[in-house]
Amino acid sequence: MSHEFNNIYFVGAGGIGMAALERYFLSRGKKVAGYDRTPTALTDALIEEGVDISFDPSEETVPAGFRNPGDTLVVYTPAVPADLPILRWFRENGFEIMKRAKVLGIITRDTKSLCFAGTHGKTTTSSMAAHILQSGAYGCNAFLGGVLNNYGSNFLLSPSSPYSVIEADEYDRSFHHLTPTVAVITSTDPDHLDIYGTEEAYLESFAHFTELIRPGGALVIHEGLRLRPRPQEGVRVYTYSRDKGDFHASYIRRSPGNITFDIVTPIGVIRNVNLGVPVEINIDNAIAAVAAVTAAGLFEPDAIREALSSYRGTKRRFETWLKEDSGKGRVVIDDYAHHPEELRNSIASVKSLYPGRRLTVAFQPHLYSRTRDFAPEFAAALSAADSLILLDIYPAREEPIPGITSEIIFESVKTADKVLIPKEKLVETLKNRNFDILLTVGAGDINTFLPEIVENIRQ
């Protein structure tokens, strides 16, 4: 930042990534305000903590203390429309305006930063790594994309720690503002083609990210990715996966609701790791987190083992909302999966946790563009459900695209027991269906119906 600002104004203040920055600046004694479209539980919490948030995008709502370009920095997220009146006013009045990603890059430049990138897996791997550091002697400053159940926050603060953990987002090329000490790439399945256009451009964006790693640092990359990394000289490169690579699992044991395994690393084996969130994909995620902290020079097998077993996951990442007592009781799980590969993994994980039980999936597609780009893949993934409730598309930042509705997924789903409904009918539909295991999935607002769904079951 060109100079020290005392006031920071956030446009899109209710976003989970923005919230972490707001809390960071509050902890540094700054005055923080912002705008968002709608009140949520998160904006309520931020207001409680001292952020002055308005829900009206006109410039009149900017508080008096934030109207001077000399001492106010404006931070925005690419998810807000460029022609938003409040943003236009800041622009026309000479304020310094920065993307969230750039601010994050500046904050973490002076730390040993562990940056986690990938189409999917980045929230969980970065959260696991942050939890390993936070529960050990090192602590960390973590800026994450999900609320950690262990801490009730997506932001961890350790003023004296030299380490920062960052979820590095490829959307809008945000992660190009970072200079990682250790970079992790979990997956490169094409996504955000509304921004990148082609798979080649998407992969090139990740290749450029690998060039940003500081000499003396390290790249940790999942085996088998279609990516040709270009790290600078002096950057160590490690591979990982469940069954091969410099870091991998061995001696995997499964029992109902439990997964235990050993993690093999280049400098030793961590035995009997018992996952706190025992789903298959977390075997890979745990290995990536361990590879990152090990590459940063922090290899402590006992502390790592303890952290992975006490890790409680993040909200909306395979989060259990209900688990009735008996082995035959009903179960409700919510997951943020919004890409076909994530959806496939999510459904497979539930099936392996509860073999032989009937699985009902309620899915809310996220974005018109993603539905258009991947409709056949979504249909194939959803066909693994025993019963499907498909909702309308959640538009998020997009305008409708002619001819693109949930129908184009629905018609190709092979599952015989399927319905297509508006989200307003979800609670009522579930009330009239006798389900065994329910998985709600999507990155929109499907999770807001869960309290009522669970309440109905309990009654």
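The legends below describe close-up views of a predicted model.

**View 1. Strand β10 and the cover on its two faces.** In strand β10, which spans residues 182-185, both faces are covered. Val 182 and Val 184 are buried on one side, while Ala 183 and Ile 185 are buried on the other. In a regular strand the side chains alternate between the two faces of the sheet.

**View 2. The pairing partners of strand β10.** Strand β6 (residues 112-117) runs parallel to β10 and is joined to it by 4 bridges, with Cys 115 standing opposite Ala 183 of β10. Strand β10 also pairs with strand β11 (residues 218-222), again in the parallel sense and over 4 bridges, and here Ala 183 stands opposite Leu 219 of β11.

**View 3. An open sheet of 6 strands.** The strands of this open sheet follow the order β16-β17-β21-β18-β19-β20, and their pairing is mixed. The edges are formed by β16 (319-323) and β20 (418-421), each of which pairs on one side only. Neighbouring strands of the sheet are turned against each other by 15° on average, with direction ignored.

View 4. Asp 335 stands opposite Val 441 of β21. Helix α10, which comprises residues 340-353, lies across β17, β21 and β18 (359-363), and the helix runs at about 160° to β21.

How values were computed
Residues are numbered from 1 along each chain as its sequence is written. This is a predicted model: local features need pLDDT of at least 70, side-chain atom pairs count only at pLDDT 80 or more; totals for chains, interfaces and linings use all residues. Side-chain values use heavy atoms; hydrogens and water are left out. Buried means under 20% relative accessible area, exposed over 50%, partly exposed in between (1.4 Å probe, protein chains only). Two strands pair if DSSP finds at least two bridges between them. Axes are lines fitted to C-alpha atoms, for helices over the stretch in contact, and angles run from 0 to 180 degrees between N-to-C directions. Contact means heavy atoms within 4.5 Å.
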